[in-house]
2 protein chains.
Amino acid sequence: MCEANAYIYKNGKEELYLENVDLLIPEGSKIYLRNLFGEQKTFEGHVKEISLLKHKILLEETKE
Amino acid sequence: MCEANAYIYKNGKEELYLENVDLLIPEGSKIYLRNLFGEQKTFEGHVKEISLLKHKILLEETKE
């Protein structure tokens, strides 16, 4: 399977946010995520980095 | 392999931009992409949608 896990990057640490993400859609200042099981989450922030080989999506809160 | 192809979405069409993308890093108004073979490209625009199951990254120019 080629999904990835989404983590929130904060203070140098990565915290799991949503596993098995299939779909990622930026919507203004938010990121809509949906996983293989239909679970949906909307994160207030931006994509910091995506590595598909590492199956990793790193999200970060946007600093005002 | 779990890489994806990056396409530019324009006028309802999708044009191949970079194959076998591993890494995607937003950098301000640009998106840095690197593929499995070390090829690098920087796109002036934003991510419209990513579907990992479809192995597809859709990029779009940002309208001023």
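Tutor: Start at B:S51, which sits in strand 5 of chain B. A strand here is a DSSP run of E of at least two residues, and a helix is a run of H or I of at least four; both are numbered from the N terminus. The model is predicted, so local features need pLDDT of at least 70 and side-chain atom pairs count only at pLDDT 80 or more, while totals for chains, interfaces and linings use all residues; side-chain values use heavy atoms, without hydrogens and water. Residues are numbered from 1 along each chain as its sequence is written, with chains lettered from A and ligands numbered from 1 in the order in which they are written.

Is B:S51 buried or exposed? B:S51 is buried, at 6% relative accessibility. The cut-offs are under 20% relative accessible area for buried, over 50% for exposed, and in between for partly exposed, with a 1.4 Å probe and protein chains only.

Now its contacts. Setting aside residues up to four places away in sequence, B:S51 touches A:D22, A:L23 and B:K56. Contact means heavy atoms within 4.5 Å. Two of those names, A:D22 and A:L23, carry the letter of chain A.

How do the two chains relate? Chain B superposes on chain A by a rotation of 180°, with 0.0 Å of shift along the axis and an RMSD of 0.0 Å. That is the relation of a two-fold axis. In chain B, the C-alpha nearest the axis belongs to B:C2, 2.6 Å away from it.

Take B:C2 next. B:C2 lies in the segment before strand 1 (4-10) of chain B. B:C2 counts as buried, at 13% relative accessibility. Its C-alpha is 25 Å from that of B:E44, which is 42 residues apart from B:C2 along the chain.

Back to B:S51. Its C-alpha is 11 Å from that of B:A6, and 45 residues separate the pair in sequence. Look at the residue with that number in the other chain: A:A6 is in strand 1 (residues 4-10) of chain A. A:A6 is buried, with a relative accessible area of 0%. Beyond four places in sequence, its contacts include A:L16, A:Y17, A:V21, A:L33, A:I57 and A:L59. The C-alpha atoms of A:A6 and A:Y17 are 5.4 Å apart, across 11 residues of chain.

Now follow strand 5 onward. The loop between strand 5 (46-51) and strand 6 (56-60) of chain B holds B:H55. B:H55 is partly exposed, at 29% relative accessible area. Its phi is positive, about 55°, although B:H55 is not a glycine. Most residues other than glycine have a negative phi. The C-alpha atoms of B:H55 and B:R34 are 15 Å apart, and the two are 21 residues apart along the chain. In chain A, A:H55 occupies the loop between strand 5 (46-51) and strand 6 (56-60). A:H55 is partly exposed, with a relative accessible area of 28%. Its phi is also positive, near 55°.

Last, chain A as a whole. Chain A has six strands and zero helices. From the N terminus the order is β-β-β-β-β-β. Chain A is as compact as a globular protein of 64 residues, because its radius of gyration is 11 Å, close to the 11 Å of the globule rule. That radius is taken over C-alpha atoms, and the rule is 2.2 Å times the number of residues to the power 0.38. The C-alpha atoms fill a box of roughly 35 × 25 × 15 Å along the principal axes. Of the 64 residues in chain A, 45% are buried. Among contacts between residues at least 6 apart in sequence, 29% join residues at least 24 apart.

Note on methods
Copies are superposed by least squares on the C-alpha atoms of residues with pLDDT of at least 70 in both.
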